[in-house]
Amino acid sequence: MKIDIVTIFPEMFESATQSGVLSIAQKKSLLELNLVNLRDFTSDKHGQVDDLPYGGGPGMVMKAEPFFNAVEYLKKKGGAKEGRAKVIAFSPQGERFDQNMAYDMAKEKHLVLLCCRYEGVDERVKETLIDRDISMGDYVVSGAEYPAMLFADAVVRLLPGVLGDEESLLEESFSPGLLEYPQYTRPYDFRGLKVPDVLLSGDHEKIRLWRRAMMLKVTEQKRPDLFSRLTLSDEDKRLLEKFEKDN
């Protein structure tokens with residue numbers, strides 16, 4: 001996969017791209033990640049990327065021209081063999097990002113992430129340049145660099161070969177539409193708090209059923225919105241009934 005990140009603050013990504021999942025993927029040659037300075041695509045000597053909004057109002061609006069220049073350059077540089085680049089922007093108006101979208105994005109060959117700031121970007125960028133506008137949640141941050149980092153990490157870790165234990169992806173939160181079951185490690189007894197005995201039983205089927213029951217119950221308690229969308233199997237219903245009876 002190739003990811004181009006277009007930003008006026010490429011230095012913000014240095015730590016994120018040189019450690020963790022993004023670093024691992026690059027070292028394994030599974031990811032080509034490029035930080036692109038938007039100011040390199042301006043037409044004035046000052047590298048101006050924003051201007052006053054038409055109609056008045058507070059703040060500044062990012063100009064359309066630098067983004068168009070950057071995306072057109074990156075698509076041309078990628079060449080036909082790379083396939084069509086998908087251009088992503090981040091804003092509160094976008095589609096809510098979730099694990100299913102992360103899986104969809106992990107199938108792409110070339111992503112171009114646009115990091116907007118200030119009061120937003122000229123609407124013509126949204127209307128004609130981007131393929132998907134994405135929201136990482138109902139809150140406001142000072143720039144799209146932070147959402148871009150989260151997005152890139154969530155997507156790249158799903159690429160085959162990036163993680164050492166790919167089976168862990170199948171049991172992670174949200175992968176089956178459920179939150180993850182509780183995890184424990186040594187010591188067995190910590191200040192009187194003990195690990196559930198079933199996890200020490202060695203009975204793999206009992207452990208599987210306990211974990212499934214916990215995933216169901218944790219999701220029901222902490223994310224009822226997710227739980228309400230589930231289609232429970234007969235086994236799931238029995239597990240929940242048993243959990244309620246035992247607790």
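## Reading a pocket and a helix pair

Modeller: Start with the lining of the largest pocket. β5 (86-96), α5 (123-128) and β7 (132-135) each supply at least two residues of that lining. Keep in mind that this is a predicted model.

Biologist: How is empty space found in a structure?

Modeller: Rolling a probe the size of a water molecule over the atoms shows where empty space is left. Here, the largest pocket holds about 500 Å³ of space. It is lined by 25 residues, and F90, S91, P92, G120 and V141 are the closest to its centre.

Biologist: Which element gives the most to the lining of the largest pocket?

Modeller: Strand β5 does, with 5 residues.

Biologist: How many nonpolar, polar and charged residues does the lining of the largest pocket have?

Modeller: The lining has 13 nonpolar, 7 polar and 5 charged residues.

Biologist: Now the helices. How do I describe a packed pair?

Modeller: Two packed helices are described by the angle between their axes and the distance between the axes. Take helix α2 (residues 20-27) and helix α6 (residues 145-156). Their angle is about 55°, and their axes lie 9 Å apart.

Biologist: Is the crossing of α2 and α6 left-handed or right-handed?

Modeller: α2 passes α6 in a left-handed crossing.

Biologist: Which residues of α2 and α6 meet?

Modeller: From α2 come V21, L22 and A25. From α6 come A152, D153 and V156. By class, this contact has 5 nonpolar residues, no polar ones and 1 charged.

Key: Residues numbered from 1 in each chain as written. Predicted model: local features only at pLDDT ≥ 70, side-chain atom pairs only at ≥ 80, totals over all residues. Heavy atoms only, no water. Axes fitted to C-alpha atoms, helices over the stretch in contact; angles between N-to-C directions. Helix = DSSP H or I, 4+ residues; strand = E, 2+ residues; numbered from the N terminus. Left-handed = near helix turned anticlockwise from the far one by under 90°. Contact = heavy atoms within 4.5 Å. Nonpolar A, V, L, I, M, F, W, Y, C, P; charged D, E, K, R; others polar. 1 Å grid on protein atoms, 1.4 Å probe; cavity = no way out; pocket = protein on both sides within 12 Å on 5 of 7 lines; lining within 4 Å. Points joined across faces, edges and corners; volume = space filled by probe spheres on them.
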